[in-house]
There are 2 protein chains.
Amino acid sequence: MDEPVLLTGAGGHVGRTVLNGLREKYDWRLLFHSQPARDPEFPYWIGEVENHEDVRPAMKNVGAVIHLAGDPRPQAPWESVLSNNIDGTHTMYEIAVEEGVDKFIFASSNHAVGAAETDERTPDMYREHDDFRLTGEEFPRPGNKYGISKATGEIIGRYFYDKHDISVCNIRIGNLNEDHPPIDYERGQAMWLSPRDCAHIHECALEADYGFEIVYGISDNDRKYYSLERAKEVLGYGPKDNSAEWDGDDRLAGDAGAVNVD
Amino acid sequence: MDEPVLLTGAGGHVGRTVLNGLREKYDWRLLFHSQPARDPEFPYWIGEVENHEDVRPAMKNVGAVIHLAGDPRPQAPWESVLSNNIDGTHTMYEIAVEEGVDKFIFASSNHAVGAAETDERTPDMYREHDDFRLTGEEFPRPGNKYGISKATGEIIGRYFYDKHDISVCNIRIGNLNEDHPPIDYERGQAMWLSPRDCAHIHECALEADYGFEIVYGISDNDRKYYSLERAKEVLGYGPKDNSAEWDGDDRLAGDAGAVNVD
């Protein structure tokens, strides 16, 4: 990707992680929801993603978009996700297509399929060698309103791909935790996406060729109930981390020169 | 279904057809978007389905909902379907759950999968014995903004079913044409839903036991690319009409006592 890349939600957790990991590799354009504490080293704008006039200037001459902006709260109320997430994602796609953007990477979420975690399956499903593993081809099963908005964002992307031939990659992001995965919490270990794997999967999505994809964004955890096959096959995703390599002492299990991560 | 049934979009084409076919069978409650020309013979309300205060009185003591209201235009602009269809369907589910409604029947649409009709497949896919037949388990592929709103309505229903255990049946309605199917128009013949089959599939959805379903609502046309298996199996749908029984003279093919339908 030689052309500039627009990153929305640049001030959020995933946004900062992507930018930290790939700072040197792309000519970034940044869209923030509010003024960042420090002045960014790339051209930036401040605005609401559901407003065409806020988005359009940031989209000029851009080759790809990583769209992370939106209300990130799993318990966000309907009115907020309807506007910030559903309408915002529609505006982003509409202007991306108008401006001739080639590639759109959408931060979907594990919450788009959160209701697949049922009482009957939990917690077995988070364990190793569990037979039940989601591939991304399933009909969505959101577990909250936020998840409804993420599944809808995927469908909006499907429409723009079918209609306007923009390449679309939806990454159903797990749990991004700094430093190490949660200890003694099976779901957290199954869901873990390490910071470097987070940056890497977004780089893969910027570089690979595809039409419309839904992939899961987690590290290569022993415990998992999301398949990584599609991300590996289509995007060339090669995760380096695995929550099983961390034990209860916050150390890399089996690593003699233990790293203190706190 | 012994309790009252609330019908929204009661003044629309599908609404009138359902009511005409099932008038005697249920204790109807009707929600109109605007004052009907003739005073209905059932209790009725006028309002916007996205407004909680408009919906709540109509939902009192109701056992089931048939939710047809919304902007029905395939080319409706985003702002309209976002409000009338997406937000409106969310409001309907929210109040249905609050009021303890058991069953929610949602008028989805063939447009939720309209982009599955691609240049490569058309018009072969509308012909008899075509191998390509949608079952309802596919990830949605809307062909317009209206289709996005219908697919989103299905996902909203999935959330409310998973979270609140309300029974949900999504009917991806084909083309409801009065009297006879379109002549010399293969897609129209594949998509045809006759008025009596339209009333019947809604009755089936009111009477059957299910959790969450997505079915196709077309007549038993020789030409079709939607499977009716699920509707027959789960709902007990037994369509009586078939667009192939009509020839180019607007007559029932092979019917000696030909009916003039115009």
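The crossing of helix 3 and helix 4 of chain A is right-handed, a crossing being right-handed if the near helix is turned clockwise from the far one by less than a right angle, and left-handed if anticlockwise. Helices (H or I, at least four residues) and strands (E, at least two) are DSSP runs numbered from the N terminus. The model is a predicted one, in which local features need pLDDT of at least 70, side-chain atom pairs count only at pLDDT 80 or more, and totals for chains, interfaces and linings use all residues. Residues are numbered from 1 along each chain as its sequence is written, while chains are lettered from A and ligands numbered from 1 in the order in which they are written.

The axes of helix 3 and helix 4 of chain A come within 9 Å and cross at roughly 15°; axes are lines fitted to C-alpha atoms, for helices over the stretch in contact, and angles run from 0 to 180 degrees between N-to-C directions. Helix 3 and helix 4 of chain A are therefore roughly parallel to each other (angles under 35 degrees count as roughly parallel, over 145 as roughly antiparallel, 65 to 115 as roughly perpendicular and the rest as oblique). Helix 3 of chain A contributes A:Trp78, A:Val81, A:Asn85, A:Ile86, A:Thr89, A:His90, A:Tyr93 and A:Val97 to the contact, and among the residues from helix 4 of chain A are A:Tyr146, A:Thr152, A:Ile156 and A:Phe160. Two residues are in contact if their C-beta atoms, placed from the backbone, lie within 7 Å. By class, this contact of helix 3 with helix 4 of chain A has 8 nonpolar, 8 polar and 1 charged residues, where Ala, Val, Leu, Ile, Met, Phe, Trp, Tyr, Cys and Pro count as nonpolar, Asp, Glu, Lys and Arg as charged, and the others, Gly among them, as polar.

In chain B, helix 3 and helix 4 pack at an angle of about 15°, with their axes 9 Å apart. Helix 3 of chain B passes helix 4 of chain B in a right-handed crossing. The contact includes B:Trp78 and B:Tyr93 of helix 3 of chain B, and B:Lys145 and B:His164 of helix 4 of chain B.

An open sheet of 7 strands in chain A has the order 3-2-1-4-5-6-9, with parallel pairing; two strands pair if DSSP finds at least two bridges between them. Strand 3 (44–46) and strand 9 (212–217) of chain A stand at the edges, each with a single partner strand, so one side of each is left without a neighbour in the sheet. The twist from one strand to the next averages 15°. Strand 1 (residues 5–8) and strand 2 (residues 28–32) of chain A pair in the parallel sense over 4 bridges, and A:Leu7 has A:Leu30 in strand 2 as its bridge partner. Helix 3 (residues 78–98) of chain A lies across strand 1, strand 4 (64–67) and strand 5 (103–109), running at about 175° to strand 4 of chain A. Helix 6 (residues 195–207) of chain A lies across strand 1, strand 4, strand 5, strand 6 (167–173) and strand 9, running at about 145° to strand 5 of chain A.

Chain B also holds an open sheet of 7 strands, in the order 3-2-1-4-5-6-9 with parallel pairing. Strand 5 (residues 103–109) and strand 6 (residues 167–173) of chain B pair in the parallel sense over 7 bridges, with B:Asn170 as the bridge partner of B:Phe106. Helix 4 of chain B lies across strand 5, strand 6 and strand 9, running at about 160° to strand 5 of chain B.

Between the chains, 20 residues of chain B are in contact with 19 residues of chain A. Helix 3 (78–98) and helix 4 (145–164) of chain B each supply at least two residues of the side that touches chain A, and helix 4 of chain B gives the most, with 8 residues. This side of chain B divides into 12 nonpolar, 3 polar and 5 charged residues.

A rotation of 180° with 0.0 Å of shift along its axis superposes chain B on chain A (RMSD 0.0 Å), the superposition being by least squares on the C-alpha atoms of residues with pLDDT of at least 70 in both copies. The two copies are thus related as by a two-fold rotation axis. The same surface serves both copies, as 95% of the contact residues of chain B recur in chain A.

The axes of helix 4 (residues 145–164) of chain A and helix 4 of chain B come within 10 Å and cross at roughly 155°. These two helices, helix 4 of chain A and helix 4 of chain B, are therefore roughly antiparallel to each other. Among the residues that make the contact are A:Ile148, A:Ile155 and A:Tyr159 of helix 4 of chain A and B:Ile148, B:Ile155 and B:Tyr159 of helix 4 of chain B. The contact of helix 4 of chain A with helix 4 of chain B comprises 10 nonpolar, 2 polar and no charged residues.
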